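User: Could you walk me through this structure, with its ligands and some of its backbone details?

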Amino acid sequence: MKVLHVAAEVFPLVKTGGLADVVGALPQALIKQGADVRLLLPGLPAIADAVLSSKKVCDIGAAFGAGRVTLRRAELPYSHVPVYVIDAPYLYRRGGSPYQASDGIEWQDNLQRFALLGWVGAHLAAGELDPAWTPDVVHAHDWHAAMVCAYMAAHPPTTASSVFTVHNLAFQGIFAQADFHLLGLPARFMAPQALEFHSQLSFMKAGLKFADRVTTVSPTYAAEIATPEFGCGLEGVIRGRGADVSGILNGVDGAIWNPEKDLGLARSYSAQQLDGKALCKQALQKEMGLDVRANAPLFGVVSRLTSQKGLDLVLTALPAVLKRGGQLVLQGNGEPTLEAAFEAAALQFPRQIAVRIAYDESLAHRVIAGADALLVPSRFEPCGLTQLYALRYGTLPVVRRVGGLADTVVDATEPALTADKATGFVFEAATALALEQALERAMTMYEKQPALWKQMLLRAMQQDFSWDGAARGYMQMYGQLAGSGA
Ligand code: ADP
Ligand code: GLC
């Protein structure tokens, strides 16, 4: 089974969120199950620089405004997964994020930049760029890669099937209809049953409409996006795909997130050897300038600071934590108003609140290991990876019952505790009051029932969220597609 994954990010080279973690780990899990997987990535600076020893596959020539486009082949450092890289310096070799300049404004030519990614994927699928390797399935991730599905539909010589995975429906790749001609697609693609979306054009819709199967990263989010509350205006399109839409839960890359082998921690630990966790907490309190108190409940946050993540609720609920002697370590960046509000809170209560407005991979590990509980009060959450990392590190998640959070954390209700199934604290409404009540429950258990807390922590650490399960789900889907000739 030959599978080409098409994406804009891959850990550890280019990462703006969980997408990169998935693209870094899933291909390896699929390879372990016998698939012949290759990745197709844009030649963003960190990617192009990491594969300097790449071999040229072919010259593509001028395309999408770039004077010179070359397709190269290499292996990813770290994982050795084979990768095709689109070398198009004019479109990809620039600073900032993959999607925006450093001032936060979207790149003006994102349409061309990500159309090229899809176009190359479709021509690889048709066997036109590398006749030595033609995929059976093309698997595209998020709007950045979604156009591969439209180009495959436009160039029928391909026998490959397509899978499109939605990691976050809120980011859609919307462009002016006037730019449709730049895509080089037949006019029929600028129609409501194709890319047209409220008089604009939508890359996300290209994936949703033209992929043979649509998946998203948790079963609950798959159901949610068929409703107006979570569908971002695309709920009708999603409902229209019926049983072609399903949810496959993400996993955890155990080579990166494992408290037993995590060299960046003050002390590694495991369910059998838990002492190290207390040392990690102490080290985090010291590093952050908090009071070093073993019995202060320490809440952690590692997150993009956007309205999706519901962290404004944390700001409102904070006084309840402070009143009971609790502590907060927040690491994240994003919306300036949220950054400023958390920084102000830390200034006011420096011994109880520490805030790092930064993107720092190793600090994320120290926060998740050192905290007693991790807050993920999202308004919506397609899957969420930090709560999975927290479970693995024995850090109990406090989450809203939404999307992948609902699928991965078992609330500490009486029956769940009696059955030894509880792994965290779950609340329903996206309100500060509901979060506060969950925090109160967590703090009460932490203070008054340490044995029960430990039982939950051990249960959390035993959860199996490895990538093997997800990889099996995708393999089954690929097999059905290849078998059906879809
Ligand atoms: P999303 O992709 O919506 O941001 P996820 O929970 O799926 O949410 O993935 C977020 C990923 O980004 C995790 O690997 C998390 O550790 C990481 N992350 C988020 N914010 C930061 C930060 N400020 N520094 C380091 N890593 C971060
Ligand atoms: C998105 C979602 C997040 C998910 C990640 C990886 O960024 O917001 O919930 O875990 O993709 O699939």
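Here is a set of questions and answers about this predicted model.

User: Which backbone atom lies 2.8 Å from an oxygen atom of ligand 1, that is, in which residue?

Analyst: Several backbone contacts are worth a look here. Asp360 places a backbone N or O atom 3.0 Å from a nitrogen atom of ligand 1, and a polar backbone atom of Thr386 is 3.4 Å from an oxygen atom of the ligand. The 2.8 Å distance to an oxygen atom of ligand 1 belongs to a polar backbone atom of Leu385.

User: How much of the area that ligand 1 exposes when taken alone does the protein bury?

Analyst: Taken alone, ligand 1 exposes 560 Å². The part of this that the protein buries is 93%.

User: Now for ligand 2. Which residue has a side-chain N or O atom 2.5 Å from an oxygen atom of ligand 2?

Analyst: Ligand 2 is surrounded by 14 residues, the closest being His167, Asn250, Glu381, Cys383 and Gly384. A polar side-chain atom of Asn250 is 2.8 Å from an oxygen atom of ligand 2, while a polar backbone atom of Pro382 is 3.4 Å from an oxygen atom of ligand 2. At 2.5 Å, the side chain you want is that of Glu381.

User: What share of the accessible area of ligand 2 does the protein cover?

Analyst: On its own, ligand 2 has 310 Å² of accessible area.

User: Which element supplies the largest share of the shell around ligand 2?

Analyst: By class, this shell has six nonpolar, six polar and two charged residues. Both domain 1 (2-251 + 467-484) and domain 2 (275-461) contribute at least three residues each. The largest share, three residues, comes from α1.

User: Let's turn to the strands. Is β1 largely enclosed or open, and which strand does β1 join through five bridges?

Analyst: Strand β1 covers residues 2-6, and four of its five residues are buried, so the rest of the structure largely encloses it. Its partner runs parallel to it, and one of the bridges links Lys2 to Asp36. That partner, spanning residues 36-42, is β2.

User: In the open sheet of three strands, which residue of β10 is the bridge partner of Ile174?

Analyst: The strand order in this sheet is β8-β10-β9, with antiparallel pairing. Its edge strands, β8 (174-176) and β9 (196-197), each pair on one side only. Three bridges join β8 to β10 (residues 200-202), and the partner of Ile174 in β10 is Ser202.

User: Is Thr16 buried, partly exposed or exposed?

Analyst: Thr16 also has its place in the loop between β1 and α1. Its C-alpha atom is separated by 8.3 Å from that of Pro98, although the two are 82 residues apart along the chain. With a relative accessible area of 29%, Thr16 is partly exposed.

User: Phe64 and Asp420 have positive phi values. Which of the two is buried?

Analyst: Phe64 lies in the loop between β3 (55-63) and β4 (66-75), and its phi is near 50°. Asp420, with a phi of about 55°, is found in the loop between α15 (414-418) and β18 (425-427). The relative accessible area of Asp420 is 26%, so that residue is partly exposed. At 15%, the buried residue is Phe64.

Key: Residues numbered from 1 in each chain as written. Chains lettered and ligands numbered in written order. Predicted model: local features only at pLDDT ≥ 70, side-chain atom pairs only at ≥ 80, totals over all residues. Heavy atoms only, no water. Pairing = 2+ DSSP bridges. Helix = DSSP H or I, 4+ residues; strand = E, 2+ residues; numbered from the N terminus. Polar contact = N/O pair within 3.5 Å; in protein donor to acceptor, adjacent residues only side chain to side chain. Areas by Shrake-Rupley, 256 points an atom, 1.4 Å probe, with all protein chains shown as cover. Buried < 20%, exposed > 50% of the residue type's maximum accessible area, 1.4 Å probe, protein only. Near = heavy atom within 4 Å. Nonpolar A, V, L, I, M, F, W, Y, C, P; charged D, E, K, R; others polar. Domains from an automatic or database assignment.
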